[in-house]
Amino acid sequence: MSDDAVLPAAASPTVRLRQVLGQMPDYKPGKPAAAAAGVTPYKLSSNENPYGPLPSVLTAITEAAMSVNRYPDMAVVGLRERLGRALSVSSDCIATGTGSVAVLAQIVQAACDAGDEVIFAWRSFEAYPIVTQLAGATPVMVPLDDQARHRLDAMADAITERTRVVLVCTPNNPTGPTVHRAELDAFLDRVPSDVIVVIDEAYVEFVRDPEAVRGLEVWRERPNVVVLRTFSKAYGLAGLRVGFAVAHPEVAAAIRKTATPFGVNSLAQVAAVASLDAFDELNERVESIVAERERVIRALQDQGWKLPESDANFVWFPLGADSTAFSEACEAAGLMVRQYGDDGVRVTIGEAEANTRLLEVAEQFGAR
């Protein structure tokens with residue numbers, strides 16, 4: 001802003017804003033990498049894919065850029081049909097949005113009136129309480145167990161007549177463990193049929209646990225289940241913001257009604273389709289990230305660290321009061337990580353050099 005810029009007058013005291021805005025937490029994005037003397041900085045705070053776009057995807061984006069003077073397809077037909085073929089579902093069962101967090105907000109808006117309840121584990125994805133309160137609903141947080149896993153029995157116990165949505169994050173962000181199919185089935189048997197259960201699978205492509213739930217399998221058997229996924233992680237399109245839900249047709253139609261018109265832009269739609277077409281090549285990158293994750297976990301275990309199991313593209317350090325000191329040690333080494341108050345620190349699996357440097361910091365810090 002220039003020195004001679006004119007600022008508007010102070011807001012009138014008669015202006016009314018929603019009270020909930022002053023009560024809800026702000027979403028805190030991962031901080032960018034900070035330069036450290038003599039080392040390459042790495043951003044390991046946002047669970048981004050460290051690889052850039054595939055050449056075929058970049059070409060598709062470049063060609064699509066020639067028509068950005070036109071509105072995108074508001075119904076996102078091309079992407080929905082391509083997803084339908086990839087997942088063996090009808091395109092009528094797919095709703096899209098600007099990242100899975102936006103689709104999640106659409107689901108809550110479609111299901112909840114003021115005073116209704118949304119149940120989820122905590123700590124879990126930090127957007128959950130935000131989208132819940134913005135919809136006028138009440139968040140009901142059920143603490144994780146001592147292994148940083150969902151306590152599904154306790155979540156079932158928390159269901160009331162006001163419950164409209166239950167969120168199950170698997171693998172859980174930021175702690176890493178998956179929900180197993182057997183425990184989810186037992187949980188769903190206790191959930192009323194008119195309550196939506198969202199299986200949030202933002203990291204499903206990284207899962208290798210043979211007992212882990214596969215959301216689409218459950219969705220085919222349960223009319224009240226919705227599966228939530230994203231192109232931000234494994235597909236490496238975080239900057240273009242594309243997410244989607246798979247739901248039964250009536251629910252999917254309701255989710256689409258709550259979407260921002262033309263929200264998924266034309267470049268994002270083209271890039272997502274091109275990424276689906278190139279999935280075999282993209283999956284090689286996923287496998288390399290999984291291999292790096294396993295290398296990091298084994299090395300941390302050898303150092304004496306006791307961490308939760310992770311089936312995502314990150315690891316969780318449940319450091320409690322030591323969280324700030326560990327975050328500062330990482331930052332001093334050129335690694336920007338994601339601290340969650342005094343709960344712990346989440347570190348994304350990034351480039352091999354970044355992961356090796358993390359292991360060096362962890363060893364110097366000392367296992368907890």
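This is a predicted model: local features need pLDDT of at least 70, side-chain atom pairs count only at pLDDT 80 or more; totals for chains, interfaces and linings use all residues.
How do the residues lining the second largest cavity divide into nonpolar, polar and charged?

**Entry 1, cavities overall.** I searched the whole structure and got two cavities of 30 Å³ or more.

I get about 40 Å³ of space in here. For the lining I noted Arg-149, then Gly-176, Pro-177, Thr-178 and His-180, then Asp-209, and finally Glu-309, Ser-310 and Asp-311. That settles my opening question: one nonpolar, four polar and four charged residues.

I read off about 50 Å³ of space for the largest cavity. Its lining includes Asn-49, Tyr-51, Gly-52, Pro-53, Leu-54 and Val-57. I also listed Tyr-235, Gly-236 and Leu-237, plus Ser-275, Leu-282 and Arg-285, as residues lining the largest cavity. By class, I have seven nonpolar, four polar and one charged in that lining.

I moved on to a single residue. Thr-163 sits in strand 5, which covers residues 163-169. Is Thr-163 buried or exposed? I put it down as buried, because its relative accessibility is 2% and the cut-off for buried is under 20%.

Next I checked what the Thr-163 side chain reaches, and found the backbone nitrogen of Thr-160 at 2.9 Å. Leaving out residues up to four places away in sequence, I have Thr-163 touching Glu-117, Ile-119, Ala-158 and Val-195.

Definitions and conventions: Residues are numbered from 1 along each chain as its sequence is written. Side-chain values use heavy atoms; hydrogens and water are left out. On a 1 Å grid over the protein atoms alone, a cavity is a set of points where a 1.4 Å probe fits but cannot get out, and a pocket is an open set with protein on both sides within 12 Å along at least five of seven lines; lining residues have an atom within 4 Å of a point. Grid points are joined across faces, edges and corners, and a volume is the space filled by probe spheres set on the points. Ala, Val, Leu, Ile, Met, Phe, Trp, Tyr, Cys and Pro count as nonpolar, Asp, Glu, Lys and Arg as charged, and the others, Gly among them, as polar. Helices (H or I, at least four residues) and strands (E, at least two) are DSSP runs, numbered from the N terminus. Buried means under 20% relative accessible area, exposed over 50%, partly exposed in between (1.4 Å probe, protein chains only). A polar contact is a pair of N or O atoms within 3.5 Å; within protein, one must be able to donate a hydrogen and the other to accept it, and residues adjacent in sequence count only if both atoms are side-chain atoms. Contact means heavy atoms within 4.5 Å.
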